[in-house]
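This report goes through one protein model, topic by topic. Please keep the sequence and the structure in view while reading.

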Amino acid sequence: MSFSARLRSLGCALLLTVLGAVALVSGRVQAQDIGAPLAQLATNKYDDTEAALAALAVSGSPAAAGIVSALADGKLVFGGAPPRVFIEGEGGALLDPLTMQPVADAPSVKPVRVNNRVRRAIEAANGTLSLVSPDPARRLEAATAVARSRDVAALPALDLALGKETDAKVKTALTLARASIVMGQPGVSDAERIAAIGVVGAEGNQDALAILRSVPADASPAVKDAAAAAISGIERNLAMWAVAQNVWYGLSLGSVLLLAAIGLAITFGVMGVINMAHGEMVMLGAYTTFVVQELIRAYNPALFDLSLLIAIPLAFLFTGLIGVIIERTVIRFLYGRALETLLATWGISLILQQAIRTIFGPTNREVGAPSWMSGSFDIGQLAITSGRLWIIVFAILVFIALLATLRLTRIGLEMRAVTQNRRMAASMGIRTNWVDAMTFGLGSGIAGIAGVALSQIDNVSPNLGQSYIIDSFLVVVFGGVGNLWGTLVGAMSLGVANKLLEPYAGAVLGKIALLVIVILFIQKRPRGLFALKGRSIEA
């Protein structure tokens with residue numbers, strides 16, 4: 001072997017020796033680093049326990065997470081002479097916290113004490129340990145927990161996690177957590193605190209507001225001014241988002257009112273009938289959904305996510321048939337007699353309510369939400385639930401379908417003709433009695449599919465329809481009797497106005513104020529926002 005080869009061989013051996021020594025020393029240092037916190041835990045003093053948790057959180061030891069979890073679960077115990085810490089395993093066996101192997105000479109032990117301060121330290125330690133988790137969701141949750149605890153001991157772990165983080169959302173949360181700690185850390189310069197305030201202020205949410213309000217009392221005027229300016233900016237931003245949230249709630253309420261009122265707009269506009277049983281058609285649609293879901297649960301649970309799609313045509317057909325029967329047996333004998341019609345339909349509503357109570361009982365019935373209508377998501381500070389979003393989409397689709405029916409079909413043409421001039425329509429050969437029956441059935445059927453949607457956001461009970469009948473009439477009169485576009489604009493306008501008034505006047509006074517506004521409006525425009533035009537109507 002040549003001299004150079006022997007030199008390379010000797011160099012490799014020396015390198016391996018050095019690496020082995022470094023590994024050994026590293027392992028001993030790690031054992032010493034975690035040994036000190038374990039000794040502190042064995043003293044069973046709250047201050048020592050809190051300090052030990054902070055040290056464990058940044059130790060990097062694989063055993064740290066198990067020790068913190070055992071303390072949180074009440075399974076961390078100590079005993080012996082000198083005192084040692086153990087983890088209580090299955091059947092009361094004592095395990096070594098480093099190796100998780102049973103100990104041979106198990107002494108008598110007592111649990112390590114925990115109070116509220118220690119529990120907060122446990123939460124912070126768990127958050128710090130999770131900062132380097134491979135799961136982004138867990139890292140995000142950990143960053144949020146550290147931001148709330150504002151534990152100075154977590155700074156090294158935060159700096160380490162920030163250097164490795166690649167997920168933009170998690171990195172933003174880590175940056176916010178670090179800034180929240182720096183703001184309250186003693187010995188930090190004003191420039192660093194003001195920079196941290198800028199980072200927190202840019203977040204612009206309630207958590208950031210709470211962090212900014214915790215600026216130390218002994219902070220300099222410049223820091224306090226920066227915090228006050230950031231707080232004012234966030235409050236303005238949150239106020240704007242609050243208005244946007246109320247508008248969203250108003251659109252959601254407006255879609256519900258649209259579904260409940262759109263069928264009434266047809267029957268009231270075409271037939272001039274004040275149908276007090278319209279709310280019960282909504283209720284029957286909701287109970288149809290309940291029956292469909294019960295049958296699916298009993299015979300084919302795999303179809304549950306399709307239950308609403310199955311219930312929509314069934315509710316339309318069932319309530320539409322009930323509407324035709326009511327029109328043919330009661331309403332057609334009372335045309336032109338508004339008071340008698342009102343009393344008759346009110347009696348029908350009572351009969352339908354009692355029939356449902358007899359069949360299903362007086363208590364609320366559970367109607368489940370399919371998976372595609374569950375959950376929520378955020379747009380900025382705007383919280384949007386999937387269920388409400390789908391109901392708005394559904395209301396718009398129903399409106400478009402009804403508009404297409406009135407504009408593109410023969411029955412729709414005849415309905416519009418009867419609405420504008422009943423006598424002239426009859427003289428042209430249109431069977432007005434048949435149109436009345438189909439109109440009442442169509443309006444009732446739409447109320448039924450409205451009940452399918454309302455079953456997802458309201459209690460399904462015999463009184464469900466009574467909650468919407470007055471609001472439905474209000475929408476129809478405000479928008480313009482018999483005008484679908486007026487019903488759409490009226491429902492959305494009243495829904496948004498209601499939700500914008502609620503924060504200032506309360507739910508009850510807000511509705512009263514809205515009712516007064518509508519009454520005053522009707523005094524100026526008796527035919528509503530969009531009045532129908534026709535010779536008979538204008539006469």
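## The sheet

Phe78 stands opposite Val85 in E2. The model is predicted, so local features need pLDDT of at least 70 and side-chain atom pairs count only at pLDDT 80 or more, while totals for chains, interfaces and linings use all residues. Residues are numbered from 1 along each chain as its sequence is written, and side-chain values use heavy atoms, with hydrogens and water left out.

Strand E1 (residues 76-79) and strand E2 (residues 84-88) run antiparallel and are joined by 4 bridges; two strands pair if DSSP finds at least two bridges between them. E1 and E2 make a hairpin with 4 residues between them, and Gly80 in its turn has a positive phi of about 90°. On to the next strand: E2 and strand E3 (residues 94-95) are antiparallel too, with 2 bridges. Here Ile87 faces Leu95 in E3. The hairpin of E2 and E3 has 5 residues between the strands, and Gly91 in the turn shows a positive phi of about 70°.

Taken as a whole, the open sheet has 4 strands in the order E3-E2-E1-E4, with antiparallel pairing. E3 and strand E4 (109-111) are the edge strands, each pairing on one side only. In a regular strand the side chains alternate between the two faces of the sheet.

## Salt bridges

How many salt bridges does the structure hold? There are 7, where a salt bridge is a side-chain nitrogen of Lys or Arg within 4 Å of a carboxyl oxygen of Asp or Glu. In one of them, the side chains of Asp47 and Arg117 meet at 2.5 Å, N to O. Asp47 lies in helix H2 (residues 46-57) and Arg117 in helix H4 (residues 116-130), so this pair ties together parts that are 70 residues apart in sequence. Arg117 also forms a salt bridge with Glu50, with 3.0 Å between the closest N and O atoms. That pair again links H4 to H2, across 67 residues.

The terms for exposure rest on relative accessible area: buried means under 20%, exposed over 50%, and partly exposed in between (1.4 Å probe, protein chains only). Asp47 is exposed at 52%, while Arg117 is partly exposed at 33% and Glu50 is partly exposed at 28%. Another salt bridge joins Lys499 and Glu502, whose closest N and O atoms are 3.6 Å apart. Both residues lie in helix H19, 3 residues apart, or about one turn of the helix.

## Aromatic rings

A pair of aromatic rings is described by the distance of the centres and the angle of the planes. Rings of Phe, Tyr and Trp (its six-membered ring) pair if their centres lie within 6.5 Å; planes under 30 degrees apart count as stacked, over 60 as edge-to-face and the rest as tilted. By this rule there are 5 aromatic pairs. Among them is the edge-to-face pair of Phe290 and Phe360, at 5.9 Å centre to centre with 80° between the planes. Phe290 belongs to helix H11 (residues 278-299) and Phe360 to helix H13 (residues 338-360), so the pair ties together parts that are 70 residues apart in sequence. Both Phe290 and Phe360 are buried.

Phe399 and Trp485 form another edge-to-face pair, with 5.0 Å between centres and 75° between planes. Phe399 is in helix H14 (residues 386-408) and Trp485 in helix H19 (residues 484-505), so parts that are 86 residues apart in sequence are tied together. Where do the two residues stand in exposure, buried or partly exposed? Phe399 is buried, with a relative accessible area of 4%, whereas Trp485 is partly exposed, at 42%. Ring pairs also link Tyr287, Phe290 and Phe360 into a cluster.
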